Amino acid sequence: MTSPSNRNSDDGLPDTLHQRWLEFVSQYGSEADCWEALFSATGGGKCQHCGSEDIDRAYGARVAKCRSCDNTTRLTAGTFFQNIRNPQAWFGAIWLFEHGEIANANQFHKLAKVAYSTAWEIYRKISLVVQNDMEAESDSVSLSSGLFARLFSKRSLETPAHVHPIEEQTEMEKSEWGAAQSDPSASPGAHGASPGMTQPGVPTPFLNELSGPAKEVNDCLSKEPISLEELCNLTKIPAGQLSAILVMLELDERALGLAGNKFVRSTPAVRATAAPRAVASPNVLNGFQPSTAEDIDSELMSPINVIVRFFKETFHGMARKYLQLYLALRWCYLARDRWQEGALLRACSQFGTVDSEDIRAYVTPPLVKVLPRF
Ligand SMILES: [Zn+2]
């Protein structure tokens with residue numbers, strides 16, 4: 001038997017996560033408290049029959065009686081929270097994200113004392129909501145999913161039989177490649193089907209031919225460091241778009257970010273000798289602190305490595321099928337201003353129903369969306 005006092009260490013749950021959960025439970029101790037919190041995000045609800053907001057409902061009750069038409073309404077019907085059985089687990093998962101905590105499904109299943117499958121479902125459905133909002137962000141950049149192939153260690157419905165989960169990436173690329181070849185009007189870049197993509201695990205340059213603003217920025221780079229501000233003045237490209245372009249150029253090993261938010265043209269010689277960029281650089285590195293000086297040398301040069309390492313440490317690998325949903329969760333965890341208290345609950349409440357089939361049917365596209373700063 002495990003004594004309650006050391007339960008968290010036996011479960012391998014991080015102390016901070018455990019503390020946060022206790023804080024949540026002390027505020028929302030009963031199912032009724034959690035239902036109230038969930039309904040508060042939608043203004044308390046209204047009658048589904050006549051639309052009246054004059055409804056009669058007991059504290060924590062899911063069913064309300066309309067004072068205008070006398071009909072009863074189930075407040076969760078047709079919403080994200082339809083058919084949920086454990087409001088504390090659902091609201092708790094949302095609350096943790098809004099308070100800057102991230103757990104994997106296994107940790108959350110122990111924390112909230114729900115079945116692993118429930119924890120997994122909660123995480124997938126929340127991430128689908130966040131992903132939907134990510135699509136609407138104007139400064140997102142698209143990257144080849146192959147850049148993250150090192151993470152694909154778990155199987156999914158998309159994994160071919162009897163092979164390693166990484167083959168899911170290969171299969172995706174083959175079908176994309178096939179689609180691009182059979183459609184002569186398709187641009188290889190647009191489909192992400194550059195020949196390099198047929199080698200899973202090898203980071204693939206996404207930008208084959210530079211054009212437009214990306215070319216303009218690239219042309220401004222030389223071996224002399226240039227600041228973001230100077231680039232902004234030279235190109236007249238808005239700062240947000242400029243940062244996104246620079247991330248792409250960095251991933252493509254055309255640009256190299258230096259301390260002080262300066263950039264040089266990247267060459268093998270420059271990459272070998274350049275001082276590692278400061279951890280605090282306002283870029284995709286935000287929110288990640290390498291733990292040792294050695295990590296700084298080995299990890300800091302590639303924004304992709306930072307993301308990959310975050311996923312390895314938090315989720316211990318993933319199935320390719322859900323990469324984009326994990327990227328959305330990472331964004332939700334790190335973009336504290338965007339996802340402050342109430343924001344995720346609101347997004348979920350406004351999203352509508354998500355059923356298990358929506359999750360099963362989800363497949364990460366060949367190009368994934370990433371927000372430049374996260
Ligand atoms: Zn009514």
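How many bridges join strand E5 (residues 226-227) and E7, and in which sense do the two strands pair? I opened the notebook with this point. E5 and E7 pair over 2 bridges in the antiparallel sense. I note that the model is a predicted one.

**Entry 1. The sheet containing E7**

I looked up the partner of serine 227 and found that its bridge partner in E7 is lysine 262. I then turned to strand E6 (residues 255-258), which pairs with strand E7 (residues 262-265) over 4 bridges, in the antiparallel sense. Within this pairing, leucine 256 has valine 264 of E7 as its bridge partner.

I recorded the strand order as E5-E7-E6, an open sheet of 3 strands with antiparallel pairing. E5 and E6 stand at the edges with a single partner strand each, so one side of each has no neighbour in the sheet. Helix H11 (residues 239-251) packs on this sheet and touches E6 and E7. I read the direction of H11 as making about 115 degrees with that of E6.

**Entry 2. The sheet E1-E2-E3**

I looked up a further open sheet, whose 3 strands come in the order E1-E2-E3 with antiparallel pairing. Its edge strands are strand E1 (55-56) and E3, each of which pairs on one side only. E1 and strand E2 (residues 63-66) run antiparallel and are joined by 2 bridges. For isoleucine 55, I found the bridge partner in E2 to be cysteine 66.

**Entry 3. H4 against H16**

I described this pair of helices by angle and distance. Helix H4 (residues 87-98) and helix H16 (residues 343-351) pack at an angle of about 135 degrees, and their axes are 8 Å apart. H4 and H16 are therefore oblique to each other.

I listed the residues that meet. From H4 come Ile94, Phe97 and Glu98, and from H16 come Ala343, Leu344, Leu345 and Cys348. I sorted the residues of this contact into 6 nonpolar, 1 charged and no polar.

**Entry 4. The two sides of H16**

Which residues of H16 are buried? I found Leu344, Leu345 and Cys348. Viewed down the axis of H16, these buried residues fall within an arc of 100 degrees, so they line one face of the helix. I recalled that an α-helix has 3.6 residues a turn, so residues three or four places apart point the same way.

I then asked what the buried residues of H16 pack against. They pack against H4, helix H6 (116-135) and helix H15 (323-334). On the face turned away from the buried side of H16, I noted the exposed residues Arg346 and Gln350. Just after H16, glycine 352 takes a positive phi of about 95 degrees.

**Entry 5. Positive phi outside glycine**

I checked asparagine 83, a residue other than glycine with a positive phi, near 65 degrees. Asparagine 83 is found in the loop between strand E3 (72-74) and H4. Is asparagine 83 buried or exposed? Asparagine 83 has 9 C-beta neighbours inside 10 Å and therefore counts as exposed.

I made the corresponding check on histidine 162, where phi is also positive in a residue other than glycine, near 60 degrees. I located histidine 162 in the loop between strand E4 (141-144) and helix H7 (167-182). Histidine 162 is exposed, because 6 other C-beta atoms lie within 10 Å, and the cut-off for an exposed residue is 12 or fewer.

**Entry 6. The chain as a whole**

I counted 17 helices and 8 strands in the chain. Of its 374 residues, 35% are buried. Among contacts between residues at least 6 apart in sequence, I recorded that 61% join residues at least 24 apart.

Definitions and conventions
Residues numbered from 1 in each chain as written. Predicted model: local features only at pLDDT ≥ 70, side-chain atom pairs only at ≥ 80, totals over all residues. Axes fitted to C-alpha atoms, helices over the stretch in contact; angles between N-to-C directions. Parallel < 35°, antiparallel > 145°, perpendicular 65-115°, else oblique. Contact = placed C-beta atoms within 7 Å. Nonpolar A, V, L, I, M, F, W, Y, C, P; charged D, E, K, R; others polar. Pairing = 2+ DSSP bridges. Buried ≥ 20, exposed ≤ 12 C-beta atoms within 10 Å, placed from the backbone. Arc of directions from axis to C-beta.
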